[in-house]
Amino acid sequence: MSSNRNLKQEINEKLMDETLRGSLNRFAEAYPIARAKAYENVDDIDSLRNSVRDMKIATVENLEKIADQFEEQVTKRGGKVFRAKDGDALKEYLFNLCKEKGVKRIAKSKSMATEEIHLNHFLEEKGLHVKETDLGEWIISIAGHKPSHMVMPAIHLDRNQVAKYFSQELNKDIEPDIAYMVQEARIALRDEFLQADMGITGANFGIAENGATGLVTNEGNARLVATLPPIQVVIIGYEKLIPTIKDAVPILRTLPRNATGQLMTSYMSMISGAAPALVKKDGQWVEQEKELHVILFDNGRLKAAKDDKLKQIYQCVRCASCLNVCPVYTLVGGHVYGHIYAGGIGAILTALLNSMDDFKQINEMCIGCRRCTEICPGKIDIPGLIEYLRAKSVEQDGLPFGVKAVFENVLANRKVFHNLLRLASIGQKPFTTGRVIRHLPLFFAGLAADRSLPAVADKPFRDRVKKVTKKIDKPVKRVAFFSGCNIDFIFPETGESVYKVLQDLNMEVVFPEDQSCCGKPVLGMGDHETARKIAKQNIIAFEEAKADYIMFACPTCAETWHLTYVELFKDDPEWSKRVEKLVHNVREFTSFVAGEYDKIGRLNKTTGGQKVTYHDSCHMKRGLNVHTEPRQLLESAPGYDFVEMKDCDKCCGMAGAFGVKYTELSMPILKKKIDNIKDSGAEVIAVACPACMMQIQGGLDKQAPNVKIKHVAEIIAEQIKD
Amino acid sequence: MKKVSNNWKQAFPPESVGTEFFEEFAMRAQNVAAKVFRVKTAAEAQSVIVEIIKSCDAKKVVATPEVVSPLELPTILKSMNLNLYTEQSDIRTHADTSDVGIACVEFGIAETGSVCEDSLAIEQRLITTLPPISIVVMNSANVVPTIAAAFETISKVFDHGYISFITGPSRTSDIERVLTIGVHGPSQLVIIAIDEEIREV
C-alpha cells in the first residue's frame with residue numbers, strides 16, 4: 001500500500017457508495033439481534049468468553065512448547081510441517097512443492113493468512129491455475145477486489161454487481177437472482193475440486209495434542225478441498241494453536257455465534273494426520289494416504305507473542321464481530337483500512353503482520369468507543385492496543401513537528417493554554433449564538449454544516465469558583481473538583497451544578513487552581529512524554545489540596561486519572577507511589593451522588609413531568625462501568641419522566657479529535673444519535689460527559705432545536721433550592 | 001471401511017447421552033433446515049428412505065458399506081429404476097453425479113442440532129459432500145446435550161483421522177447476506193434416527 005494515500009478521498013467515496021451504505025446499515029441493525037438470539041442457550045456468556053481468553057493466554061505463554069508439540073504430532077501422523085517465517089519463505093516452499101509434485105491446478109478454501117501475502121497472485125504469476133472456492137472469495141477474486149470483511153468478503157457488492165462479474169467470468173448472461181447465481185457458482189466450481197492436484201485450506205484452530213487442524217465453514221467447499229485432491233496444504237498462523245482437543249470447545253461455542261449468529265456452522269471438520277484419498281492409477285481409483293503439508297505461519301506473529309500487550313492478538317478467533325459493531329466500519333466498510341484486515345482488530349493485525357506505515361494512516365479511525373470489547377469472544381482490548389501501537393510509533397518516529405510544538409509549548413504549559421482559550425472566547429464573538437457557533441467562515445464551514453460548534457464561555461469556571469463556593473460548617477467531607485477543560489471553558493454551568501449538589505450534601509468543595517488538562521488529547525496522539533509532564537502538574541496540585549475525594553464530572557478525565565496515570569508512571573517508583581495514593585480518592589460524580597442519595601433516601605422513583613432520556617458515554621459505560629447510577633438519579637428527579645432510547649450506549653461520534661478531524665465520519669454517527677433521541681420522544685437528553693454534550697448539543701442545534709441537553713449534574717441541581 | 005473409532009458408544013459420557021436430549025436436538029436441527037425422522041425400527045427407516053428416493057425421482061444413489069447391509073439397501077431399492085453404488089471406486093466415480101448419498105453418523109448434539117460424523121473413510125466423505133441430497137442414519141439414543149459433551153466423547157477416540165460436525169445443509173450468505181441453501185455441499189440434509197440398534201459394535 002502506498003504511503004501517500006488520500007484517505008479522506010477514499011472515505012468520501014465510500015460514504016457516497018449507496019450500495020455499500022445500504023448494505024452496511026442493514027447489517028449493523030440486524031447483527032446484534034442475530035447474535036443475541038444465538039446466545040440464548042448459553043447460560044453465562046461472560047464466563048464462556050473468559051474461557052476463550054484464559055485458554056488463549058495460557059497458550060501464548062507456552063507458545064514454543066505448544067508449537068513444537070503440534071509439529072511433532074503432525075509429523076508422527078504422516079504430515080510434514082514447515083515453519084514459514086514470512087510470506088517469501090511460504091511462497092518459496094509452496095512453489096517448490098508444486099514443481100516437485102507436478103501440480104498444475106489448485107483449489108483453495110478461505111484463508112486470510114494467504115490473502116495477507118497475496119498468495120494467489122504469486123501462484124498465478126508462476127503459471128499455476130488457482131481457484132478460490134468460497135463463494136464470497138471467488139466473487140472478489142473475479143472482481144479483482146480485496147475482501148471488505150473477514151467473514152463476508154463481498155459484503156460491499158449487491159446482486160447486480162455480482163451478476164455483472166459472473167457474466168464476465170462465465171461468458172454468458174447471468175440474471176441477478178441470488179439463488180440462481182449460487183447454483184451457477186456450484187456448477188462452475190465443482191470441477192475445480194474434482195480436478196485439483198492440490199487443495200489449500202486455512203485453519204480455524206490447530207490442536208497440539210494430536211496435530212489436528214479445524215475448519216469452520218458453511219458452504220462445504222473446505223470439506224471438498226480437504227477431501228478430493230491428493231495433496232493437502234494447510235496454512236495456519238501461530239495464533240490458531242490450542243493445546244488440547246477439548247480446548248476447541250470455547251472456540252466452537254463462540255466463533256459461529258459471534259461471526260454469523262449461528263449456533264454452529266454447517267460444517268466443522270477436524271483433520272489429524274494424512275487422511276485417505278483416491279488417486280487414479282492405470283484407469284483405476286486407488287486408495288492411498290494423502291500427502292499432507294502443514295505450514296505454520298509467522299510473518300510477525302511470533303514477535304507479537306513476546307510483547308506483553310500485543311500478545312493479546314492470540315486471543316482473536318477471527319469472528320470479525322468487532323467490525324460488525326464498529327461505528328466507523330459500519331459506515332465505510334473494510335477497503336479504507338488499506339491492507340486486508342479491516343476494523344479495529346484489522347488495524348492491529350495490519351501493524352503487526354503488514355507494516356506500521358499502513359497502520360499509521362488508518363489508526364485514527366478507531367474512535368475508542370469500546371463497543372467491540374463488549375462482544376469480543378477473546379476479550380481483546382482492541383482500542384487499548386491501538387493506542388499502545390500509536391504510542392510506540394510516536395516513540396519511534398515522533399509526532400509531526402507542528403503537533404509536537406503545540407503539545408509541548410501550549411498543552412504542557414497551563415497558563416499559555418488557558419490564556420489561549422480566553423482569547424478564543426473573544427475571537428469567536430462574531431460567530432456565536434448563545435452557547436454555540438453556528439457558522440464558520442470559508443473552509444471551516446464543513447465543520448459546522450450539520451453540527452454547531454460549542455462556544456468558549458465568556459467566563460471560565462475557574463473564574464466563577466469564588467462566587468459559587470459556600471462556607472460549610474462542619475463539612476462531612478472535603479472534595480477537590482477536577483473540572484477538565486470542557487467544563488472549565490465550555491460548560492462552566494455544569495461545574496456550578498456540581499458545586500451546588502455536593503455542598504448541599506454538606507461537603508466542602510475546593511478547586512485546585514493549578515489543575516490543567518488531564519492529558520487525554522496528548523495521550524490519544526501517543527505522546528506519553530508530554531502526558532507525563534501534564535500529569536505531574538495535576539498530581540502536585542491535588543496533593544496540595546489534601547482532600548478526601550477527587551471529583552470528576554467528565555468520565556474521560558476520571559478514567560485518565562484512574563487508569564492511565566498509574567500506567568504512565570509504572571516504571572517510576574517515586575511518582576508511582578504518589579499516583580497510587582491519589583487514585584484511591586478518584587470519584588465519578590453521578591455514581592458518587594447516587595450512592596450518597598441512596599444513603600439518605602433521596603433515590604426514590606418519581607413519575608410524570610418532562611420526558612428525559614439518557615445517552616451513555618463510551619468512557620462512562622465501558623470505561624468506568626457506570627450506567628445504572630445516572631439513570632437512578634434521573635428516575636428519582638421530580639419533574640422528569642425517564643425513557644430509554646434505542647442504541648443509548650452507541651458512540652455519539654465525538655471521540656476527542658476524531659469528531660473534528662474526520663467530520664465526514666463523525667456527522668453520520670451523530671445523525672443516528674439525534675434520530676434516536678427524536679424517536680424516543682424525549683424533551684431533554686441527559687448526559688454525564690461534557691465531550692458528548694458538546695457533540696450532541698451541536699447536532700441538536702442544527703437538527704432538533706426543540707430538544708434540550710443537560711448534564712445529569714444540572715438536572716439534580718435544579719431540585720435544590722438556593 | 002476405515003473409522004476413527006469402531007466403538008464410539010463406549011466413549012459417550014454415561015451421564016450425558018440418551019434419548020432425553022433427542023427432542024432438543026431435533027428442534028435445533030430443524031431450525032437450520034435439516035429434515036428429521038425418528039423411527040423405531042430398521043424397517044421403518046427403510047420406508048423413509050424409499051419415500052425420499054421416490055419423491056426426488058433419484059436415478060443414482062451412493063451409500064457406504066456401513067449403512068448398506070443393515071438396511072438391506074440393494075433389496076429395498078431393487079424394484080426401483082435406479083443404480084446403487086457402494087464400492088469405493090464406484091463411489092468416487094459416481095458420487096458427483098448421484099442424486100442421493102446415504103451414510104451413518106455417530107451421534108447428535110442437542111445444543112446445536114449437529115450430527116457428528118466419523119469421516120476418516122474417503123467413501124464416507126464423498127457421500128456426505130457431493131450429492132445434493134444427503135441422508136444420514138443414526139441411533140436416536142446417541143445424542144449428547146452440549147458441544148462440551150461432544151468433545152468429551154471425541155477426545156477419547158480422536159488420535160488421528162477426520163471428524164466432522166454437520167449442521168443442516170450447505171449454505172451461504174455471501175451475496176447481500178441473503179441466506180441461500182446448497183452451495184458446494186448438499187442442499188438437503190435428512191436425518192433418520194432409529195430407536196433400535198442396527199449396527200454391530
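This is a predicted model: local features need pLDDT of at least 70, side-chain atom pairs count only at pLDDT 80 or more; totals for chains, interfaces and linings use all residues.
Colleague: Which residues of H16(A) and H19(A) make the contact?

Modeller: From H16(A) come A:Gly344, A:Ile345, A:Ala347, A:Ile348, A:Ala351 and A:Leu352; H19(A) contributes A:Ile382, A:Leu385, A:Ile386 and A:Leu389. By class, nine residues of this contact are nonpolar, one is polar and none is charged.

Colleague: Let us turn to sheets. What is the strand order of the open sheet of six strands in chain B?

Modeller: The order is S1-S12-S7-S4-S2-S3 (chain B), with parallel pairing. Strand S1 (35–39) and strand S3 (83–85) of chain B are the edge strands, each pairing on one side only. From one strand to the next, the twist averages 20°.

Colleague: How many bridges join S1(B) to strand S12 of chain B?

Modeller: Five bridges join S1(B) to strand S12 (residues 188–194), and the two strands run parallel.

Colleague: Which strands of chain B does helix H1 lie across?

Modeller: Helix H1 (residues 22–31) of chain B lies across S1, strand S7 (133–139) and S12, and runs at about 150° to S1(B). Helix H2 (residues 42–55) of chain B lies across S1, strand S2 (60–63), strand S4 (100–104), S7 and S12, at about 165° to S12(B).

Colleague: Returning to chain A, is the pairing in the open sheet S13-S14-S15 parallel or antiparallel?

Modeller: The pairing in that sheet of three strands is antiparallel. Strand S13 (432–433) and strand S15 (453–454) of chain A form its edges, each pairing on one side only. S13(A) and strand S14 (residues 436–437) pair over two bridges, and A:Thr433 stands opposite A:Val436 in S14(A).

Colleague: What unit do S22(A), helix H34 of chain A and S23(A) make?

Modeller: Together with helix H34 (residues 690–703), these strands make a right-handed β-α-β unit. Strand S22 (residues 684–687) and strand S23 (residues 708–711) of chain A are parallel and share four bridges; A:Val684 stands opposite A:Lys708 in S23(A).

Colleague: Finally, which domains does the domain assignment give for chain A?

Modeller: The assignment gives domain 1 (86–297) and domain 2 (461–718). The C-alpha centres of domain 1 and domain 2 of chain A lie 50 Å apart.

Terms used
Residues are numbered from 1 along each chain as its sequence is written. Chains are lettered from A and ligands numbered from 1 in the order in which they are written. Side-chain values use heavy atoms; hydrogens and water are left out. Domain bounds come from an automatic or database domain assignment. Two strands pair if DSSP finds at least two bridges between them. Contact means heavy atoms within 4.5 Å. Ala, Val, Leu, Ile, Met, Phe, Trp, Tyr, Cys and Pro count as nonpolar, Asp, Glu, Lys and Arg as charged, and the others, Gly among them, as polar. Axes are lines fitted to C-alpha atoms, for helices over the stretch in contact, and angles run from 0 to 180 degrees between N-to-C directions. A crossover is right-handed if, with the strands pointing away from the viewer, the path from the first strand over the helix to the second runs clockwise.
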